[in-house]
Amino acid sequence: MGVNSLDGLRVLPYTLDVPTILTLDDDPEVIRLLTLLLEHLGHKVISAPDGIVACTIVQKQAPDLIIADYQLPAGDGVTVLERIQRLLGDRMPPVLFLTGSGPAAAEKATRAFPHSTVLHKPAKMDEIDACLKRILGNK
């Protein structure tokens with residue numbers, strides 16, 4: 001391993017292994033706020049406004065977590081995540097659904113993805129942070 005010199009200091013090169021989170025929401029303001037929060041919490045964020053973009057992204061890089069809106073213009077979040085699951089197979093990450101819909105949406109989401117978590121909009125920062133810690137652990 002090489003050593004870099006910076007003003008007489010020896011600095012060992014390293015990389016930070018931070019979790020990558022894919023946010024999937026058709027509302028640009030939600031994406032912006034989630035990105036600010038997640039980056040503040042130390043995560044790398046990739047955003048998709050729809051299922052087509054999300055599927056393209058996951059084919060290039062499988063995220064550590066997907067935060068998905070339940071209501072999307074071209075089908076619900078469950079349908080999009082089922083497509084992503086077919087693409088990723090065993091590499092499918094955990095899912096956190098954000099929904100403004102009622103209990104039926106949460107039930108459908110957890111039935112399709114039993115290990116998923118559902119938060120209702122508007123979710124508070126501390127709720128999202130607690131979910132991330134529970135889902136991602138020490139990543």
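Me: Why are helix 2 and helix 3 called roughly parallel to each other?

Reply: In this predicted model, where local features need pLDDT of at least 70, side-chain atom pairs count only at pLDDT 80 or more and totals for chains, interfaces and linings use all residues, helix 2 (residues 51–60) and helix 3 (residues 77–88) pack at an angle of about 20°. Angles under 35 degrees count as roughly parallel, over 145 as roughly antiparallel, 65 to 115 as roughly perpendicular and the rest as oblique, and therefore helix 2 and helix 3 are roughly parallel. Residues are numbered from 1 along each chain as its sequence is written, and side-chain values use heavy atoms, with hydrogens and water left out.

Me: Which residues of helix 2 and helix 3 make the contact?

Reply: Contact means heavy atoms within 4.5 Å, and helix 2 brings Gly 51, Ala 54, Cys 55, Val 58 and Gln 59, while helix 3 brings Val 80, Arg 83, Ile 84, Leu 87 and Leu 88. These residues divide into seven nonpolar, two polar and one charged.

Me: How do you know that strand 3 and strand 4 pair?

Reply: Two strands pair if DSSP finds at least two bridges between them, and strand 3 (residues 20–24) and strand 4 have five bridges, in the parallel sense. Leu 24 stands opposite Ala 48 in strand 4.

Terms used. Helix = DSSP H or I, 4+ residues; strand = E, 2+ residues; numbered from the N terminus. Axes fitted to C-alpha atoms, helices over the stretch in contact; angles between N-to-C directions. Nonpolar A, V, L, I, M, F, W, Y, C, P; charged D, E, K, R; others polar.
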